[in-house]
Amino acid sequence: MKRRGSVTVFMALLLTGFFSAVFAFLEAARVSGLKSNSQISTMQARDTVLASYDQSLWEEYHLLFWQADEGDFPSLDSLESLQQSAIEGNLSSLGQSGDNYYVLQVHLTEVTTSAYQLATDEGGAAFRQQAAEMMKLTVTETALQTMMGWITGEDTSGASTDLASEAIETLETLESAAASGAAEENTGGTGSAGELTDSESATGDTAGGGASTVESADVGGSVSATDVKLTENPLEWVKKMSKSGILVIVMPDADISQKSVDRDTCIENRTLESGNLVISEDISAMDKLLFYLYLGEYFSDASENSADQAMDYELEYMIAGKAEDQANLKTVVRRLLLMREAANLAYLETNSQKQQEAAAIATLLVSAVGQPELEPLVQQGLLAAWAYAESISDVRILLEGGKVSLVKTAEQWHTDLGSLSSTVYATEGEQQTKGLSYENYLQILMWMTSDEKLAVRAMDMIEKNTGVRMDQMVCRAECAYVYEASPLFWGYVTLGGDSLGTLQFQDESDISFMNQ
C-alpha cells in the first residue's frame, strides 16, 4: 500500500515563516552591504576631486586647489557633476556583466554641495595655511626661532625724523649764519663768516671742500679739528643726493624694471566670488613666519634675476601694493633707508670715536661762519648725514645680494664722514657675508604689513603669472549624496505583506586639500 506525503497547515505556515525570516535577514544583510558600498562610492568621489587639482598651481607654487568653472557659483554644479560621473563610472563597472547581477548595486541619484571655501575667502586664509604647511616640510624649528628673534627684536618703527631733511636743515642754518655774517661785514663788521681764519687755513680745511684726504685719529684716541681734512662738506653732499631720485642713489648703475599690472583687475579691487564655509583657525606667529618664508621661496625680488613674470619685484609689490615695479621698489627702499637710519644713528650716538670725528668737523664748519654756538646743532646734523650715507651704502649692498647686520660693529662700518661721496659706494666683500640679506629685511617689512594684504597681493601675482582666478579655486567643500537601490530578497517575504519600497541611503563628505 502506497503512502502519500502531506503537509499540515501548521507545517506550511512554519516553513513560510522560516523562509520569510531567512529572506528578511538576507535583505537586512544586503542593506548593510549597500550602505557600505555607498560610503565607498563617496570616498571614491572625494578622491576624484582631490586628484583633479589644478596642475599649474601645483607645478609653479606647490598649492592644491580645485578650479571651478566660471559662472559655477553658488551651487558648484561642475563639482557635483564631476563626482556624479566618477561614482556612476565606478558603479557601472560593477553592474550587470553577462548573466551575473551585482547584488550590492546602488545608484547615485543626487549630489549637493552645502558649503565650500575658496582661496580668496577671509583674506586668503586657505592660501596662507597651505603655504605654511608646505614650508613645514623644509624649515627646521631652530631656523624659525632664529628668524623670530631678529624679526621681533628689530625696532621696525623707523627713524622718528628723516635724517636727510635734518642734515639739510642744519646746512640751511649754517648758510643763514654765513649770509648774516656777510651782511655785517658789508655794514662795517669785522671778519668774514664765509672765510676761514688763519689758524683754520693752516690746517688746510674748508667748509665746502678743498682737501683731498681725510685724516682720522687712531681708534681710541681723541680727534680735534686739526686731525681731519675734508674733501667735501657732508651736509652739502646730502643736499646734492636729495635732489636725485632715490633709486638713482642706491642703484646708480642698475636697470630698473618698468613692468606694471592693471590694479583694477586685481583681487583687492574687483568683485570676488565667495564661499559660505567659515572655518576659524588661529594663526600662530610661527605660521606667519612660515608664510613669509614661502613668499620668499616662490616669488622674486629686486636682488635676484626674475623669470618671465608679470612683475620683476613681486615681494616689493606685496609690501607696497603699487601698480608699477619701479614705484614698489621706491617704497620698499624708502622704508629700508628709514630702518637702517635708525640703527645707524643709534650706533653713531654710542661710538665715542665717531662722535669726536663729527665734533671736529662741526668745529671747522661753525668756525667758517663765526658761529661757535652752533657746534652742537651742526654735530647732530653731521651725525644725521653720516647715518643717512651709511644707510644708502647698506641698502645698496643688500640690493646687490650682500648682507648687512641689524646692529653694526666698527669693522662693519663703510663710510667716512670726511669723504662720503667716495666711500658710500665702496664695496667691502667681507661685510657682504655677515648679517641679514635683502630678503630677510623684506621679511621684517612683511611683519609690518597685514597678512591679508600679503596673501591677496601674492595671489594677484599668481593670477597674472598663470592666468587662473583664485576666487574660483576651491579649497574645502562639504557635499551630501543620496543613493538608491531596489529590494532583492524582500519580495520573497510573504508574511506581513508590506512592500519595502525603494531603499535610500544618504552620506556626507568633507573634501579638503588641507594637510594633503
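Biologist: Which residues are buried in helix α8?

Modeller: Keep in mind that this is a predicted model. In α8, which covers residues 234-242, the buried ones are Pro234, Leu235, Trp237, Val238 and Met241.

Biologist: And how are those buried residues placed around the axis of α8?

Modeller: Looking down the axis, they fall within an arc of 155°, so they line one face of the helix.

Biologist: What goes on at the start of α8?

Modeller: There, Asn233 has a side-chain oxygen that comes to within 2.9 Å of the backbone nitrogen of Leu235.

Biologist: Let's zoom out. What does the secondary structure come to for the protein chain?

Modeller: You get 17 helices and 4 strands. The chain has 516 residues, and 47% of them are buried.

Biologist: How much accessible surface is there?

Modeller: About 24700 Å² for the protein chain, with 49% of that belonging to carbon and sulfur atoms.

Biologist: OK, the inside now. Which residues touch the most other members of the largest nonpolar core?

Modeller: Leu295, Phe299, Leu329 and Met470, out of 107 residues in that core. Helix α14, residues 375-399, gives the most to this core, with 14 residues.

Biologist: Where's the other core, and what's in it?

Modeller: Another core of 27 residues lies apart from the largest one, and Phe73, Val111, Tyr483 and Ile511 are among its residues.

Biologist: Back to Met470. What does Met470 touch?

Modeller: Leaving out residues up to four places away in sequence, Met470 touches Leu57, Phe65, Ala119, Thr120, Ile267, Met459, Ile462 and Glu463.

Biologist: Switching to Asp460: buried or exposed?

Modeller: Buried, because its relative accessible area is 0%, and the cut-off for buried is under 20%. Asp460 sits in helix α17, residues 451-466.

Biologist: So what does Asp460 touch in there?

Modeller: Again leaving out residues up to four places away in sequence, Asp460 touches Arg263, Cys266, Ile267 and Tyr317. With Tyr317 there's a polar contact of 2.8 Å between the two side chains.

Biologist: You mentioned Cys266. How many disulfides does the structure hold?

Modeller: It holds 0 disulfides.

Biologist: And is Cys266 buried or exposed?

Modeller: Cys266 is buried, at a relative accessible area of 1%. Cys479 counts as buried too, at 3% relative accessibility.

Note on methods: Residues numbered from 1 in each chain as written. Predicted model: local features only at pLDDT ≥ 70, side-chain atom pairs only at ≥ 80, totals over all residues. Heavy atoms only, no water. Helix = DSSP H or I, 4+ residues; strand = E, 2+ residues; numbered from the N terminus. Buried < 20%, exposed > 50% of the residue type's maximum accessible area, 1.4 Å probe, protein only. Polar contact = N/O pair within 3.5 Å; in protein donor to acceptor, adjacent residues only side chain to side chain. Contact = heavy atoms within 4.5 Å. Core = buried A, V, L, I, M, F, W, Y, C linked by side-chain atoms within 4.5 Å. Areas by Shrake-Rupley, 256 points an atom, 1.4 Å probe, with all protein chains shown as cover. Arc of directions from axis to C-beta. Disulfide = S-S within 2.5 Å.
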